[in-house]
Amino acid sequence: MPLEDFFKYQRRRINPFKGLVIDVPTWADAHSYHRDQQRLHAVAMHQHGIVTGLEVFAWNPPDNSVVIYPGIAVDAQGNTIVVSEPQRFYIRTEEQGTAYVVMDYREVPQEMAQSLDGGKTEPVYILEAYRIGEQRSAPEGTQIEVARIAVSGDKAGITDAVNPMSPDANEIDGRYRPLAGPARRGEIGVGVADLP
């Protein structure tokens, strides 16, 4: 949820007391409150992006794949993405253009069970996961860019950049990875007055 959406309603939490009936809506409200508070903190106090890790290196020997190493990121809605194991990801190298390797937060229903109110099946758990993807346009929305590659289109192997500040074609470019940190509070202008 973007920060502006948090301003649209008053914060409300469960007030526990002896005799309070904990039904499904009450349970859901209690957990939603804490989850929303965590997300509010993430988007209000921090800039979204990569918190730690998620480095991207070429497969050895070079082919059309890269390896994304473990790490943590926070998206623009305050969702936390945790990659716990290295992930090998394949790039389409037959098509020329800039390939953006992106990640986004996903929720995956797990362990479906039949509810008592008419036989509808519901997930018992929601796995907080992520999706890695390749696209040929700049990331937008809640996507986190982990790397980009200027693909030459001749099925050449992808390699690590010899000069990370100026990657060549088919080399991994990490210069545009958004880094999480303190929220920006505006811009500062600096001027120099040269008086006679």
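Reader: Which residue in E4 is the bridge partner of Ala58?

Author: Keep in mind that this is a predicted model. Three bridges join E3 to strand E4 (residues 65–68), and the two run antiparallel. Follow the pairing across from Ala58 into E4, and the bridge partner you land on is Val66.

Reader: Okay, so which strands stand at the edges of the open sheet?

Author: Three strands make up this open sheet, in the order E3-E4-E7, with antiparallel pairing. A strand at the edge has a single partner strand, so one side of it is left without a neighbour in the sheet.

Reader: Is Asp173 buried or exposed?

Author: You'll find Asp173 in strand E11 (residues 172–173). Leaving aside neighbours within four places in sequence, Asp173 is in contact with Ala147, Arg148 and Pro167. Its relative accessible area is 8%, and buried means under 20%, so Asp173 counts as buried.

Reader: Which element gives the most to the lining of the largest pocket?

Author: That pocket holds about 370 Å³ of space. Helix H2 (24–45), strand E8 (97–114) and strand E9 (121–135) each give two or more residues to its lining. Among the lining residues are Trp27, His31 and Tyr105. With seven residues, the top contributor is H2.

Reader: And which element gives the most to the lining of the second largest pocket?

Author: Here the space is about 310 Å³. E8 and E9 each supply at least two residues of the lining, which includes Ala113, Pro123 and Tyr125. The biggest share, five residues, comes from E9.

Notes
Residues numbered from 1 in each chain as written. Predicted model: local features only at pLDDT ≥ 70, side-chain atom pairs only at ≥ 80, totals over all residues. Heavy atoms only, no water. Helix = DSSP H or I, 4+ residues; strand = E, 2+ residues; numbered from the N terminus. Buried < 20%, exposed > 50% of the residue type's maximum accessible area, 1.4 Å probe, protein only. Contact = heavy atoms within 4.5 Å. Pairing = 2+ DSSP bridges. 1 Å grid on protein atoms, 1.4 Å probe; cavity = no way out; pocket = protein on both sides within 12 Å on 5 of 7 lines; lining within 4 Å. Points joined across faces, edges and corners; volume = space filled by probe spheres on them.
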